[in-house]
Amino acid sequence: PAGDAQVGESIFKTKCAYCHTLDKHAAHKQGPNLNGLFGRQAGTAVGYSYSAANKDIDVVWGENTLYDYLLNPKQYIPGTKKMFHGLKKPQDRADVIVYLRQSTA
Ligand code: HEM
């Protein structure tokens with residue numbers, strides 16, 4: 001489905017922001033800073049201490065990889081330390097992905 005960035009922003013704030021920031025200059029939280037995520041190899045946010053599982057997976061983050069990952073992070077990256085069940089609704093994933101793309105340039 002096509003995503004709505006404004007809806008994605010509110011999903012990010014309620015479901016992701018506890019553990020992630022998109023602010024380029026902000027410190028990592030429980031999860032890595034997601035600024036500049038699109039086009040980046042998984043596990044490479046500078047200065048963040050990843051699990052081996054997240055560090056070693058051979059994935060570049062983009063629309064399709066995020067769509068699959070966010071459905072169920074623990075299934076996509078077995079052994080990840082991330083404690084998040086995922087976004088089950090396709091529309092929720094599409095919305096948050098458009099928001100991530102537009103706010104991580
Ligand atoms: C990792 C996105 C919710 C904690 C990641 C990564 C992405 C991501 C793309 C991989 C980053 C990379 O490889 O550089 C999101 C989005 C969320 C969300 C879009 C909301 C829909 C959460 C929540 C938590 C969390 C709620 C904490 C309870 C983490 C942690 C990692 C991670 C700890 C690193 C995992 C590891 O090293 O194994 N997240 N996340 N995330 N996230 Fe999230």
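## Helices α1 and α5

α1 and α5 are roughly perpendicular to each other (65 to 115 degrees; under 35 is roughly parallel, over 145 roughly antiparallel, the rest oblique). Their packing angle is about 95°, and their axes lie 7 Å apart. Axes here are lines fitted to C-alpha atoms, for helices over the stretch in contact, and angles run from 0 to 180 degrees between N-to-C directions.

On the α1 side, the contact uses Ala5, Val7, Gly8, Glu9, Ile11 and Phe12. On the α5 side, these meet Asp92, Asp95, Val96, Val98, Tyr99 and Gln102. Contact means C-beta atoms, placed from the backbone, within 7 Å. The contact of α1 with α5 holds seven nonpolar, two polar and three charged residues. Ala, Val, Leu, Ile, Met, Phe, Trp, Tyr, Cys and Pro count as nonpolar, Asp, Glu, Lys and Arg as charged, and the others, Gly among them, as polar.

## Model and fold

This is a predicted model: local features need pLDDT of at least 70, side-chain atom pairs count only at pLDDT 80 or more, and totals for chains, interfaces and linings use all residues. Residues are numbered from 1 along each chain as its sequence is written.

The chain has five helices and zero strands. Helices (H or I, at least four residues) and strands (E, at least two) are DSSP runs, numbered from the N terminus. The order from the N terminus is α-α-α-α-α.

The C-alpha trace spans about 35 × 30 × 25 Å along its principal axes. The chain's radius of gyration is 13 Å, which agrees with the value near 13 Å for a compact globule of 105 residues. That radius is taken over C-alpha atoms, and the globule rule is 2.2 Å times the number of residues to the power 0.38.

## Helices α3 and α5

α3 (residues 63–71) also packs with α5 (residues 90–102), at an angle of about 130° and with axes 10 Å apart. That makes α3 oblique to α5. From α3, Glu63, Leu66, Tyr67, Leu70 and Leu71 meet Arg93, Val96, Ile97 and Leu100 of α5. By class, this contact has seven nonpolar, no polar and two charged residues.

## Around the ligand

Which residues come nearest to the ligand? Of the 26 around it, they are Cys16, Cys19, Gly31, Ser51 and Asn54. A residue is near if its C-beta atom, placed from the backbone, lies within 6 Å. α1 (5–16) and α2 (52–56) are the elements that give two or more residues to this shell. The shell divides into 16 nonpolar, seven polar and three charged residues.

Technical notes:
Two residues are in contact if their C-beta atoms, placed from the backbone, lie within 7 Å.
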